[in-house]
Amino acid sequence: MKTVLFLLIFTSIGCEKDNETITINESDKLIGHWINPISNDSELKLTRANSLKDNEYGISFLEKSNCIERSSGWCGTPPLTFFDFQGTWTRNDSDLIITIDSGINGMEDIKWKIITLNDKNLIIERIR
């Protein structure tokens with residue numbers, strides 16, 4: 001009996017993450033949490049998640065045009081310490097402007113062009 005109970009608990013814990021569903025705002029697919037940045041030339045690919053990871057880069061686009069960028073700042077020298085920077089976002093078709101309070105430099109505008117936006121991926125290109 002104990003063996004069966006152990007296997008049942010182990011199986012349910014092991015499968016829990018795979019069955020985790022991510023809520024998607026169908027009226028604006030940008031809204032949500034985006035993590036696992038992969039840089040390719042001028043493009044950055046992010047993956048949708050249920051939340052930001054504690055010690056990794058990510059950005060959350062929240063309703064009412066609020067956002068949170070989790071970043072280690074501009075230095076990037078290990079050991080990295082990650083902070084949440086509050087900001088706002090506006091979108092006009094594929095153009096996305098994020099205004100972040102980076103602390104040291106004050107308010108900063110980041111301009112991105114959305115290349116791909118779907119249920120799983122956000123691919124953007126930084127506009128200089």
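Asn36 is partly exposed, with a relative accessible area of 29%. This residue lies in strand E1, and its phi is near 55 degrees, a positive value in a residue other than glycine. The model described here is predicted. The protein has 1 helix and 8 strands, and the strands form a closed barrel.

**Overall layout**

- Along the sequence, the elements follow the pattern α-β-β-β-β-β-β-β-β.
- Of the 128 residues in the protein, 30% are buried.
- The barrel of 8 strands runs in the order E1-E2-E8-E7-E6-E5-E4-E3, and the pairing is antiparallel.
- On average, neighbouring strands of this sheet are turned by 35 degrees against each other, with direction ignored.

**Strand pairing**

- Strands of a sheet pair through backbone hydrogen bonds, either parallel or antiparallel.
- Strand E1 covers residues 32-40 and strand E2 covers residues 43-49; these two run antiparallel and are joined by 6 bridges.
- Ser39 has Leu44, in E2, as its bridge partner.
- E3 and E4 also run antiparallel, with 4 bridges between them.
- Gly58 has Arg70, in E4, as its bridge partner.
- E4 pairs with E5 in the antiparallel sense as well, over 6 bridges.
- Within this part of the structure, Glu69 stands opposite Phe85 in E5.

**The turn between E3 and E4**

- E3 and E4 form a hairpin, and 4 residues lie between them.
- Lys64 in this turn has a positive phi of about 60 degrees.
- Ser65 is found in the loop between E3 and E4.
- The phi of Ser65 is near 65 degrees, again a positive value in a residue other than glycine.
- E4 itself is mostly covered, as 5 of its 6 residues are buried.

**Aromatic pairs**

- A pair of aromatic rings is described by the distance of the centres and the angle of the planes.
- A search of the whole structure finds 2 aromatic pairs.
- One of these involves Phe61 and Trp89, whose ring centres are 5.8 Å apart and whose planes stand at 85 degrees, so the pair is edge-to-face.
- The cut-off behind that label is an angle over 60 degrees.
- Phe61 is in strand E3 (residues 58-61) and Trp89 is in strand E5 (residues 83-92).
- The two residues are 28 residues apart, and their pair links distant parts of the chain.
- Both Phe61 and Trp89 are buried.

**The largest pocket**

- The largest pocket has a volume of about 640 Å³.
- It is lined by 23 residues, and the closest to its centre are Tyr57, Glu69, Ser71, Ile110 and Arg126.
- The elements that give two or more residues to the lining are E1, E2, strand E4 (66-71), strand E7 (107-117) and strand E8 (121-126).
- By class, the lining of the largest pocket has 10 nonpolar, 6 polar and 7 charged residues.

Conventions:
Residues numbered from 1 in each chain as written. Predicted model: local features only at pLDDT ≥ 70, side-chain atom pairs only at ≥ 80, totals over all residues. Heavy atoms only, no water. Phe/Tyr/Trp six-rings, centres within 6.5 Å; stacked < 30°, edge-to-face > 60°. Buried < 20%, exposed > 50% of the residue type's maximum accessible area, 1.4 Å probe, protein only. Pairing = 2+ DSSP bridges. Axes fitted to C-alpha atoms, helices over the stretch in contact; angles between N-to-C directions. 1 Å grid on protein atoms, 1.4 Å probe; cavity = no way out; pocket = protein on both sides within 12 Å on 5 of 7 lines; lining within 4 Å. Points joined across faces, edges and corners; volume = space filled by probe spheres on them. Nonpolar A, V, L, I, M, F, W, Y, C, P; charged D, E, K, R; others polar.
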